[in-house]
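Here is a short report on one protein chain. Look at the structure first, then read on.

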Amino acid sequence: MPKPMIDDDTCIQRLMFNEGCKLKSYRDSVGKLTIGIGRNLDDNPLTIEEQCYIGHNCRTLFISNEQAAYLCRNDLKRVRADLDKELPWWRDLNPDRQFVMIDLCFNLGKNTLLTFKKTLNSIATGYYELAAKQLLQSKYARQVGIRAKRNAYALKYGNYVINPPKDEVY
């Protein structure tokens with residue numbers, strides 16, 4: 001029997017909480033042109049299909065909430081395909097840990113995620129508390145703050161929460 005998978009709507013809701021939703025393009029914290037729910041236009045420009053759906057390339061004009069969700073769904077397809085290709089074991093995780101993998105790949109990109117060798121090995125082998133500790137010791141955690149704490153909590157306990165306890169020890 002296949003493992004339950006986290007659905008797009010839950011992922012979009014959580015990604016929107018983590019990323020926000022900006023309907024006009026802007027430069028993110030590392031200078032990348034971004035729009036919608038964290039769509040990095042510099043590294044992931046719109047496909048021809050996406051440009052046809054939206055009617056422009058998103059670099060200067062606004063988009064709607066529906067268009068932001070459309071782009072995010074497409075990003076989720078790409079992220080899931082990247083995870084399937086590089087880390088196929090991610091589908092064996094429970095849905096909240098699956099979201100952590102999606103969120104990491106979404107935020108870091110596949111290539112950077114793959115440099116987290118110790119953390120990924122700990123997740124793959126079920127050492128979730130160690131994986132949480134390793135994640136929080138990374139540059140990523142220093143850059144994203146509470147987002148990393150949410151992901152570490154979900155790794156450790158298998159339960160994603162918006163506000164992990166402040167006194168949580170890893």
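This is a predicted model: local features need pLDDT of at least 70, side-chain atom pairs count only at pLDDT 80 or more; totals for chains, interfaces and linings use all residues.

Residues are numbered from 1 along each chain as its sequence is written, and side-chain values use heavy atoms, with hydrogens and water left out.

**The core.** A nonpolar core is a set of buried Ala, Val, Leu, Ile, Met, Phe, Trp, Tyr and Cys residues joined through side-chain atoms within 4.5 Å. Buried means under 20% relative accessible area (1.4 Å probe, protein chains only). The largest such core has 47 residues. Leu 113 is among those with the most contacts inside it. The largest share, 8 residues, comes from H4.

**A buried charge.** Arg 97 is buried yet has no salt bridge. A salt bridge puts a side-chain nitrogen of Lys or Arg within 4 Å of a carboxyl oxygen of Asp or Glu. The nearest side chain of opposite charge, Asp 96, is 8.5 Å away.

Contact means heavy atoms within 4.5 Å.

| Residue | In contact with |
|---|---|
| Leu 113 | Leu 83, Leu 87, Met 101, Leu 104, Cys 105, Leu 108, Leu 120 |
| Arg 97 | Tyr 128, Ala 154, Leu 155, Lys 156, Tyr 157, Gly 158 |

**The sheet.** Three strands (DSSP runs of E, at least two residues) form an open antiparallel sheet, ordered S1-S2-S3. Strands S1 (22-27) and S3 (39-40) stand at the edges with a single partner strand each, so one side of each lacks a neighbour in the sheet.

Conventions: Buried means under 20% relative accessible area, exposed over 50%, partly exposed in between (1.4 Å probe, protein chains only). Helices (H or I, at least four residues) and strands (E, at least two) are DSSP runs, numbered from the N terminus. Lys and Arg count as positive and Asp and Glu as negative; His and the chain ends are not counted. Two strands pair if DSSP finds at least two bridges between them. Lists of a residue's contacts leave out its neighbours within four places in sequence.
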